[in-house]
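Morning, everyone. Let me put the sequence and the model on the screen, and then we will walk through a few spots.

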Amino acid sequence: MNGELGKSIALAAEVVASACSLVVFTGAGVSAESGIDTFRDAQTGLWSHFDPQQLASQAGFAADPGLVWRWYMHRLARVEQATPNPGHQALADLERLTPSLTLITQNVDDLHERAGNQRVLHLHGHIGRFHCNGCQTPYALQPDDYASPTPPQCMLCLDYVRPSVVWFGEILPEQALNQAWRAAEQCEVFLVIGTSGVVYPAAQLPLIAKRHGAHVIEINPEISALSDVADVTLRAPGGEALPRLVAEVGSQLRKDRTA
Ligand code: OAD
């Protein structure tokens with residue numbers, strides 16, 4: 001492999017191929033090539049033209065539940081139309097190649113599952129799941145809800161239904177966070193892909209892994225808040241770097257088996 005990226009891929013592949021336990025930690029950048037907007041990219045990021053406090057907080061939902069509902073229905077429709085990109089597919093291949101892989105995502109889409117990853121921990125919830133904002137009862141979305149100007153109401157307590165995503169100021173799902181924490185402490189290699197690394201506690205995970213001795217590999221076309229933690233950096237989009245990395249891991253493992 002030629003060039004700076006080729007050298008970094010060869011180095012990263014060697015580390016990944018020799019690891020028994022691997023954590024993959026993804027953010028919005030991994031779904032960007034599937035047509036799903038990131039949050040903080042300067043021109044296209046959702047938070048560059050929408051106010052997170054208005055659309056992703058309890059206060060915003062209380063002030064205008066219809067606005068919040070319509071925004072999430074619009075985003076859900078985009079996710080449902082999207083398909084996994086070569087980066088997602090490479091990560092599903094990597095799960096099949098590696099003895100133990102835990103995929104931790106901040107994304108609320110289901111593109112990792114649709115690509116074939118079996119074990120995905122969602123730290124920020126799921127955009128396709130819903131529950132009552134009052135009594136927490138799960139709600140099954142109805143076809144009419146997509147175009148409804150206001151959220152549906154809970155059958156039990158009549159409070160509004162909301163998407164099961166984590167809003168600003170809310171706590172993360174406890175079980176997923178605990179499992180993610182343990183996996184970060186125990187892994188040999190921690191792969192950080194497509195995240196700006198500025199939202200906590202999720203962004204703490206690469207630091208935990210590093211403190212416990214893991215090799216940290218970053219894939220991101222831009223410098224992120226986590227770049228300094230990385231031992232190896234692949235400065236390229238996930239859809240380009242991941243298929244090359246996973247192909248190289250596969251060929252190293254085949255070589256090791258025949259040696
Ligand atoms: P951000 O939008 O903050 O960051 C996206 C990152 O992806 C940036 O570092 C980009 O450089 C990178 N990127 C862009 N295109 C890429 C590509 N093709 N391949 C690889 N990387 C690419 O998104 P997150 O870090 O995921 O929280 O944001 C974290 C959280 O902030 C989200 O989960 C969301 C948001 O508020 C909640 O919803 C609770």
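Start with a helix pair. In α7, the residues P86, G87, A90, L91, D93, L94 and L97 meet G238, G239, L242, P243, V246, V249, G250 and L253 of α11. Contact here means heavy atoms within 4.5 Å. By class, this contact has 10 nonpolar, 4 polar and 1 charged residues. Ala, Val, Leu, Ile, Met, Phe, Trp, Tyr, Cys and Pro count as nonpolar, Asp, Glu, Lys and Arg as charged, and the others, Gly among them, as polar.

Quick word on the source. This is a predicted model, where local features need pLDDT of at least 70 and side-chain atom pairs count only at pLDDT 80 or more, while totals for chains, interfaces and linings use all residues. Residues are numbered from 1 along each chain as its sequence is written, and side-chain values use heavy atoms, with hydrogens and water left out.

Now the geometry. Helix α7 spans residues 86-97, helix α11 spans 238-258, and they pack at about 20° with axes 7 Å apart. That makes α7 roughly parallel to α11, a label for angles under 35 degrees. Axes are lines fitted to C-alpha atoms, for helices over the stretch in contact, with angles from 0 to 180 degrees between N-to-C directions. Helices (H or I, at least four residues) and strands (E, at least two) are DSSP runs, numbered from the N terminus.

Next, α1, residues 3-17. How do α1 and α11 pack? The angle is about 50°, and the axes are 8 Å apart. That makes α1 oblique to α11. From α1, the contact takes L5, G6, I9, A10, A12, A13, E14, V16 and A17; from α11, it takes E240, A241, R244, L245, E248, V249, Q252 and L253. A ligand oxygen is 2.6 Å from an N or O atom in the side chain of S196. A ligand oxygen is 2.7 Å from a polar backbone atom of F39. For G194, a polar backbone atom is 3.2 Å from a ligand oxygen.

Last, the backbone. Y200 and P201 are joined by a cis peptide bond, omega about 10°.

Definitions and conventions: Parallel < 35°, antiparallel > 145°, perpendicular 65-115°, else oblique. Polar contact = N/O pair within 3.5 Å; in protein donor to acceptor, adjacent residues only side chain to side chain.
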